[in-house]
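Subject: Structure handover and findings

Hello,

Please find the structure below, with my notes after it.

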2 protein chains.
Amino acid sequence: MRPTLAFDADDTLWHNETHYAETQAAFRALLRPFHDEAWIDARLHDTEMRNLRRYGYGIKGFTLSMIETALELTEYRLGGAGIQTVLDLGKAMLDKPVEPLPGVVEVLAELAPAFDLMLVTKGDLFDQETKLAKSGLGGHFTKVEILSEKDEATYAALLQRHGIRPADFTMVGNSVKSDILPVLALGGRAIHIPYHLTWAHEVVAIPAESPFPSLESIGDLPALLRGW
Amino acid sequence: MRPTLAFDADDTLWHNETHYAETQAAFRALLRPFHDEAWIDARLHDTEMRNLRRYGYGIKGFTLSMIETALELTEYRLGGAGIQTVLDLGKAMLDKPVEPLPGVVEVLAELAPAFDLMLVTKGDLFDQETKLAKSGLGGHFTKVEILSEKDEATYAALLQRHGIRPADFTMVGNSVKSDILPVLALGGRAIHIPYHLTWAHEVVAIPAESPFPSLESIGDLPALLRGW
């Protein structure tokens, strides 16, 4: 069996956190008459974390958390037009085009003969399928897995579902917490390609004896894999 | 290979549409000072249909559509406390306990020795996983598939993914549109168990030469399968 090379999607194959950051900037501007920016950010983050067990990841839950935060921070004074602005911010995120990051198309094409290429992403099923379709990258992957969470348990279930031995599985992604540590814990391999922004929820301490390679860009991936 | 018996979840294994109907009644009551009930229902349905390509199915998208409809129908006069009420209606839906419909546990246990039992549901990934966990039914199924849409294309992909021949696949569910017609079109078998409510979006004309059996309750399923 050919080894499996699995890719995270958001912030590995296409921009994601940038869209959240831009949206959050617009949200901050909307509430600036009521509060200072740091407080708005902190309250929004708290609301998101409190709602995560109900809403899961994704833009729809983020939009609902923005509305809840706006009501709370303005003590219901924001008004309907302000709420409509927040709804529109969420829709604008969903309507964004999805363009592969530089080098992604070329690298996937180059690696396809040697590996089973898999997409492994977490988040909202409908959002992620829509983004994959918009990206035009679907044809590169023999398997697509959209998970509600990426941790040891969900990766273990994924490997079992596809009959893949951990030693034959390499994960590539931008999140140390979601893409790297759980795969290493299962005996797989993992390659980190940092993105310039990381969502606060995904930030973890990187172990000092960091047992995984880190690349500046996906363009460096084929060379690394040849030498591994 | 053992034949596969696949079950829809919402309104086949547990109540779903009832919760939407109850929530929509509360939404109607909230807007009654502004409009008559039939108009509120019609506008909400229009908003849901317009948003379906952005939000997909599920409670989070339904909540966002309720907020949008409330703003539109009150020309922004509803106020923050009213919007908070709608957010809370959505959260209450997500927090509902999930209890299997009468007979479900017994029938799944009875059929498990003869079939590979599969769950095939559409909707929000996180919602559906949460509901399955709350229902306690997870252990009955050897495979769980949560799809963003149930149509010929997605059923065909599912059968191919699992190496199941259509002739070995039987689908059981309450929606003629989502559970019955696409499976019959692929050469599989399908069994209809109507629920007393059907979402307007799922209503289709039932073909006159209706080539599928319809049961009053899931308790009648083992007898039907024995005679088939």
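Conventions

This is a predicted model, in which local features need pLDDT of at least 70 and side-chain atom pairs count only at pLDDT 80 or more, while totals for chains, interfaces and linings use all residues. Residues are numbered from 1 along each chain as its sequence is written, chains are lettered from A and ligands numbered from 1 in the order in which they are written, and side-chain values use heavy atoms, with hydrogens and water left out.

Interface of chains A and B

Contact (heavy atoms within 4.5 Å) involves 31 residues of chain B and 31 residues of chain A. The buried area is about 2,900 Å², with 64% of it from carbon and sulfur atoms; buried area here is the accessible area (1.4 Å probe) that two parts lose on being put together, summed over both. In chain B, the residues that lose the most area to chain A are R54(B), K91(B) and F126(B), together 21% of what that side buries.

Ten residue pairs, both at pLDDT 80 or more, are in polar contact between chain B and chain A. A polar contact is a pair of N or O atoms within 3.5 Å; within protein, one must be able to donate a hydrogen and the other to accept it, and residues adjacent in sequence count only if both atoms are side-chain atoms. On the side of chain B that touches chain A, at least two residues each come from α2 (37-55), α3 (59-73), α4 (80-95), α6 (125-135) and β3 (143-147). Helices (H or I, at least four residues) and strands (E, at least two) are DSSP runs, numbered from the N terminus. The largest share, eight residues, is that of α4(B). By class, this side of chain B has 14 nonpolar, eight polar and nine charged residues. The classes are nonpolar for Ala, Val, Leu, Ile, Met, Phe, Trp, Tyr, Cys and Pro, charged for Asp, Glu, Lys and Arg, and polar for the others, Gly among them.

The rule also finds four salt bridges across the interface, a salt bridge being a side-chain nitrogen of Lys or Arg within 4 Å of a carboxyl oxygen of Asp or Glu. R54(B) and D95(A) form a salt bridge through their side chains, at 2.7 Å from N to O.

How do the two copies relate?

Single residues

E68(A) sits in helix α3 (residues 59-73) of chain A and is buried at 6% relative accessible area. The classes are buried under 20%, exposed over 50% and partly exposed in between (1.4 Å probe, protein chains only). The side chain of E68(A) makes polar contacts with the side chains of N51(A) at 3.2 Å and K91(B) at 2.7 Å. A network of salt bridges links E68(A) with R43(A), D46(A), R50(A), E72(A) and K91(B).

T74(B), in the loop between α3 and α4 of chain B, is buried at 0% relative accessibility. A polar atom of the T74(B) side chain lies 3.2 Å from the backbone nitrogen of L78(B).

D10(B), in the loop between β1 (4-7) and α1 (17-31) of chain B, is buried at 13%. The side chain of D10(B) makes a polar contact of 2.9 Å with that of K131(B).

Salt bridges within a chain

The whole structure has 40 salt bridges over all chains.

- K150(A) and D179(A) pair at 2.7 Å, N to O, and both are buried.
- R2(B) and D116(B) pair at 3.0 Å between the closest N and O atoms. They are 114 residues apart; R2(B) is partly exposed at 35% and D116(B) is buried at 17%.
- E22(B) and K96(B) pair at 3.8 Å, N to O, and are 74 residues apart. E22(B) is partly exposed at 44%, as is K96(B) at 28%.

Regards
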